[in-house]
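Student: I would like to learn how to read the features of a protein model. Please take them one at a time.

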Amino acid sequence: MRVVLTILVVALSAPLAPAADVWAQFRGPNGTGLSDSKGLPTKWDEKTNVAWKTAIHDKGWSSPVVWGKQVWLTTARADGKEMFAVCVDRDSGKVLHDVKVFTVAKPAFCHPFNSYASPTPAIEDGRVYLHFGTYGTACLDTATGKKLWERRDLHCDHFRGPGSSPIVWNDLLFVHFDGADKQYVVCLNKSDGTTVWQKDRVFDYGTIDGDGKKAYATPSIILVNGQYQLVSPAAVGTIAYEPRTGKEIWKVQHGGMNAAAPPLYGFGTVFISPGYVPRGHKFLAIRPDGKGDVTSTHVAWGSSKSVPTRPAPLLVGDLLYLVDDSGIASCLEAKGGKPVWSMRLGARSAFSSSPVCADGHVYVFDQSGQGYVFKTGRKAELVATNALEGGCMASPAIAGKALFVRTRTHLYRIEKK
């Protein structure tokens, strides 16, 4: 029995194995951006390897999620007064549900670079969980589109619009509110939306400026020495909570604001992208086996060269892949952070979408709609540059042998014909 338990703990402490046919949350399995799908195309355009292309009304930067024969995403009026969930048939591209989730009388300001529908849904069998930040969180029945529950009493001032995506773990749903005025984490019972726990952030933000207190990160669940942790980036720092109680396990104060990327976990370290950091490391590896404030004891290494503030990193094998906001792709060793290579993807590209990986290839899209494919490994090798109309703010999803790519105007299924 002891041997069996040891094997289970070792297996669960490794990155979760991706399921090839499901993409259930922002950046797929546990926020890693990894899929074990095979046979995805590396070349496409508006006429080549596009199985279907479906117009999505209004404005939203949320990424698609995939379960069974359905693809879900959110959108909203540009003025924020109506917010929707859209379900598209995976095989045909036909819109199956277009549900008005919330009506908002007086939306707060949202920066034009952002949208009122930027948080990505989380999905599981029979249910999809939608989060629009301060405007509300809801659960829909995926078969009928019927709203099963909603919460509209959790608020903050996002200052620039919402961005953090929800995640599901066992019977719990986690949502973040890192606003300019207040900062806290909420754990909900996914069955009925009731609050299990709610915890205020405990940080010295070092400023009274609300702009320096906001963040847009999505948390990750990891298993360390038999204990689950909800690793939750915020402005200026990252906190690990006990998922079922909200008790703080450890925290690191690393500086920064606008953190957006889910943490990654491997080789006994958590990899954090703190967002915009004017001074200090912009990418960190943290040992998650400490207690309390571990800022001075558990930062394994840090890097500041060609580090993104918006696109999330990838951990593939023993290598980390980063694409910064200007389109410089780089590769680092996960153990120690030693640089391996770097290359520029586009001459004048801007990136908000996060890369994903399958079958030895990394896929990433820029704001003009160029899709770049490069190989994993210790040698920089760009495979293809492909163009779609509309430009990409959302991150792609992978399911089966297809990429599901959302541009500013459409949702595409890209697959070899």
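Student: How many aromatic pairs does the structure hold?

Tutor: This is a predicted model, in which local features need pLDDT of at least 70, side-chain atom pairs count only at pLDDT 80 or more, and totals for chains, interfaces and linings use all residues. Residues are numbered from 1 along each chain as its sequence is written, and side-chain values use heavy atoms, with hydrogens and water left out. Rings of Phe, Tyr and Trp (its six-membered ring) pair if their centres lie within 6.5 Å; planes under 30 degrees apart count as stacked, over 60 as edge-to-face and the rest as tilted. The structure holds 18 such pairs. In one of them, the ring centres of tyrosine 116 and tyrosine 135 are 5.8 Å apart and the planes stand at 65°, so this pair is edge-to-face.

Student: Which parts does the pair of tyrosine 116 and tyrosine 135 tie together?

Tutor: Strands (E, at least two residues) are DSSP runs, numbered from the N terminus. Tyrosine 116 sits in the loop between strand E6 (95-103) and strand E7 (122-124), and tyrosine 135 in the loop between strand E8 (127-131) and strand E9 (137-141), so the pair joins parts 19 residues apart in sequence.

Student: Is tyrosine 116 buried or exposed?

Tutor: Buried means under 20% relative accessible area, exposed over 50%, partly exposed in between (1.4 Å probe, protein chains only). Tyrosine 116 is buried at 8%, and tyrosine 135 is buried at 9%. A tilted pair is formed by tyrosine 321 and phenylalanine 374, because their ring centres are 6.5 Å apart and their planes at 50°. Tyrosine 321 belongs to strand E25 (residues 319-323) and phenylalanine 374 to strand E30 (residues 370-375), so parts 53 residues apart in sequence are tied together. Both of these residues, tyrosine 321 and phenylalanine 374, are buried. Ring pairs also link Trp44, Tyr363 and Phe365 into a cluster.

Student: Why is strand E16 (residues 227-233) described as largely enclosed?

Tutor: Five of the seven residues of E16 are buried, so the rest of the structure largely encloses this strand.

Student: Which strands pair with E16 in the antiparallel sense?

Tutor: Strands of a sheet pair through backbone hydrogen bonds, either parallel or antiparallel. Here two strands count as paired if DSSP finds at least two bridges between them. Strand E15 (residues 220-224) pairs with E16 over five bridges, with isoleucine 221 facing its bridge partner leucine 230. Strand E17 (residues 237-241) pairs with E16 over four bridges, and there serine 232 has isoleucine 239 as its bridge partner. Two residues separate the strands in the hairpin of E15 and E16, where asparagine 225 takes a positive phi near 50°. The hairpin of E16 and E17 has three residues between the strands, and valine 236 in the turn has a positive phi of about 65°.

Student: In what order do the strands of the open sheet with E3 run?

Tutor: The order is E3-E4-E5-E6, four strands with antiparallel pairing. Strand E3 (65-67) and E6 are at the edges with a single partner strand each, so one side of each has no neighbour in the sheet. Strand E5 (residues 82-89) and E6 pair over seven bridges, and valine 88 stands opposite valine 95 in E6.
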